[in-house]
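Hello,

Here is the structure I promised to pass on to you. Please open it alongside this email, and then read on for what turned up in it.

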Amino acid sequence: MKKQTTFSGLACLSKCLPISSSASPSEQKELPDNDDLASPSSDTNKRMPGGWKAMPFVLGNETFERLATFGLLANFMIFLLTQFHMEQATAANVLNVWSGVTNYAPLLGAFISDAYIGRFWTILIGSLASLLGMLTMTLIVWIPQLHPAPCSPQQLEYHKCEGPSGSHVGFLILALGFLSIGTGGIRPCSLPFGLDQFDATTDEGRKGINSFFNWYYTTFTVVLIIAFTVVVYIQDNVSWVLGFGIPTICMVGSIVLFFFGTRLYIYVKPEGSVFSGIAQAIAAAYKKRRLKLPDEAELHVALYDPPFKGHAIKLPLTSQYRFLNKGAIILEGEVKSDGSPSNPWRLCSIQQIEEVKCMIKIVPVWAAGIISFTAMAQQSTFTISQALKTDRHLGPKFQVPSGSLIVISMLTVGLWVPVYDRLFVPALRKVTGIEGGITVLQRMGIGMVLSVLSMIVAGLIERMRRDAALSHGRPDGIAPITVMWLAPQLVLMGLAEAFNFIGQIEFYYKEFPQNMSSVANSLFFCTIAGASYISSLLVTVVHGVTGGHGRPDWLTNDINLGRVDYFYYLIAGLGMLNVVYFLIVAHRYKYKPTIQDEKDKHQVDVELSASK
């Protein structure tokens with residue numbers, strides 16, 4: 001079996017992303033020589049992939065698009081609180097619900113791209129939708145009639161400002177809807193479209209792919225830092241119109257650059273979505289549920305196992321979830337003379353069956369990730385509220401924007417991953433004999449424990465901050481402690497991300513078949529979406545049932561009167577239960593087998609027990 005390299009900060013992320021195998025490099029097509037852009041995936045003469053000639057346009061489009069998106073959304077919680085005058089719990093719910101919708105959208109985008117219009121048009125439509133969303137957001141802060149009337153700092157402090165009207169909320173939903181559509185088109189297709197420009201069958205192409213990953217994630221990190229520092233500072237201290245206008249202009253530049261490269265791009269023809277194959281396998285197994293499975297000796301002739309097309313590794317038949325194997329039982333008249341099924345909804349291949357099994361057994365692990373991500377979701381909501389009630393001055397003149405604090409988590413990830421990869425992994429490898437030092441699920445488990453610890457620390461620090469604010473009784477409610485007291489919880493959260501995020505990404509990439517890599521990537525975003533909805537549910541329940549008898553609820557508008565520390569402890573408690581559940585699930589989990597694994601069975605281990 002080929003050795004698997006350890007995941008550095010860049011490589012581990014790149015392996016999980018939607019590197020589609022729906023078409024080989026030899027199947028890649030170019031646009032017709034004329035200016036007809038109506039069908040980028042149409043059959044034309046074959047040529048060598050565009051390679052680095054197309055990269056200035058691809059990477060330029062990516063850089064501007066990310067700067068636009070993150071620059072617009074980096075400070076969104078502050079925008080809802082200070083410009084739309086929403087209550088703290090309401091703003092958190094808006095952010096969580098919208099984040100959930102946005103992270104589910106790539107599933108639909110991946111399906112449309114793979115089955116119908118291809119990556120070029122999916123990215124283009126998504127980019128135009130994002131531009132419409134950003135234009136709408138810029139107009140909302142520019143035109144007085146589209147947002148609530150401004151109020152003084154004193155009115156804002158005592159929550160006496162006029163809230164948004166129905167029309168204000170309607171325009172906000174319109175803008176967020178466009179942005180969700182844009183994310184659904186761009187996120188599942190951007191990286192695979194860049195990879196399409198290289199021929200992975202050549203040494204030069206493989207070197208280009210590795211270099212492309214490095215440039216892709218280098219620009220990604222730089223853009224995040226700029227968005228969470230420079231753009232947030234402009235929004236807080238200069239102008240919201242300018243702070244939203246700059247990302248909008250960047251999005252225009254992104255689309256223009258994307259168009260400039262149309263004559264250089266390679267366009268992969270859409271060949272159908274894996275979702276169709278999954279549905280067919282489930283339907284065939286259901287229709288044949290009353291049939292009896294053949295004996296072990298007859299399986300190789302009784303089940304439909306055609307030659308596997310493509311470059312992905314073929315999956316062998318397993319005994320897990322054996323009832324699904326019935327979908328591959330061949331009945332009279334179900335196979336045509338050319339070897340294809342006469343009705344794909346009544347007969348499916350062993351490969352399709354095993355792909356469905358992979359999804360089924362991954363679901364329990366996926367569910368465990370949702371609760372741990374719920375803790376991470378608080379970085380963009382109540383951590384911001386905490387920062388607003390601390391001393392954010394660094395020196396006599398500079399004040400740290402509250403929306404920029406998340407940079408601490410990002411820097412933690414950036415610093416820890418290389419140290420872990422270069423120092424800890426080799427040392428652990430000598431002890432465990434595992435190539436990555438520890439197993440993927442062990443890495444995820446460590447991340448979940450760290451997320452629980454971060455919530456406990458966040459609760460302790462919030463209690464200290466609240467006590468300091470109440471004891472000093474300043475009119476503005478700011479506690480006389482530095483905002484850097486929030487750094488420990490953010491550092492712990494960054495470490496949790498380094499273990500859990502990267503672990504989940506690697507896990508999905510390894511455990512899904514290669515031709516389902518886009519589904520694997522979308523499932524990761526669905527984890528984030530589920531965490532957003534769980535967070536929103538918790539906020540709604542806590543806001544509604546706590547308090548009473550003259551006492552404010554835990555998440556009341558005035559954070560000094562509320563008990564956000566109790567809310568953090570609640571999430572920590574749920575996280576502890578989730579860790580127990582994850583340990584049970586991970587102990588029972590077995591790696592996905594492949595044809596190669598059948599020859600090297602000793603290398604297939606049970607997670608969380610390296611000796612098994």
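First, some background. This is a predicted model, in which local features need pLDDT of at least 70 and side-chain atom pairs count only at pLDDT 80 or more, while totals for chains, interfaces and linings use all residues. Residues are numbered from 1 along each chain as its sequence is written, and side-chain values use heavy atoms, with hydrogens and water left out.

The overall fold

The chain has 19 helices and 2 strands; these are DSSP runs numbered from the N terminus, with helices being H or I of at least four residues and strands E of at least two. Of its 612 residues, 53% are buried (under 20% relative accessible area; exposed is over 50% and partly exposed in between, with a 1.4 Å probe and protein chains only). Take the contacts (heavy atoms within 4.5 Å) between residues at least 6 apart in sequence: 81% of them join residues at least 24 apart.

Two helix pairs

Helix α4 (residues 88-142) and helix α9 (residues 240-260) have axes that come within 9 Å and cross at roughly 160°. Axes here are lines fitted to C-alpha atoms, for helices over the stretch in contact, and angles run from 0 to 180 degrees between N-to-C directions. The two helices are therefore roughly antiparallel (over 145 degrees; under 35 is roughly parallel, 65 to 115 roughly perpendicular and the rest oblique). Their contact has 19 nonpolar, 5 polar and no charged residues. For these classes, Ala, Val, Leu, Ile, Met, Phe, Trp, Tyr, Cys and Pro count as nonpolar, Asp, Glu, Lys and Arg as charged, and the others, Gly among them, as polar.

The second pair is α12 and helix α16 (residues 487-511), whose axes come within 11 Å and cross at roughly 165°. That makes α12 roughly antiparallel to α16. Among the residues making this contact are Trp366 and Phe373 of α12 and Phe507 and Tyr508 of α16. By class, the contact has 12 nonpolar, 4 polar and 3 charged residues.

The cores

A nonpolar core is a set of buried Ala, Val, Leu, Ile, Met, Phe, Trp, Tyr and Cys residues joined through side-chain atoms within 4.5 Å. The largest one has 102 residues, of which Phe79, Met137, Leu172, Phe507, Tyr508 and Phe567 touch the most other members. Helix α12 (residues 350-377) gives the largest share of this core, 11 residues. Another core, of 19 residues, lies apart from it and includes Leu59, Leu124, Phe198 and Tyr216.

Ser402 sits in the loop between β2 (398-399) and α14 (407-432). Is Ser402 buried or exposed? Ser402 is buried, at 1% relative accessible area. Beyond four places in sequence, Ser402 touches Ile78, Asp236, Ile384, Ala387, Leu388 and Arg392.

Pro306, in the loop between α11 (299-302) and α12, is partly exposed at 24%.

Asn557 and Gln88 are 469 residues apart in sequence, yet 5.3 Å apart in space, C-alpha to C-alpha.

Best wishes
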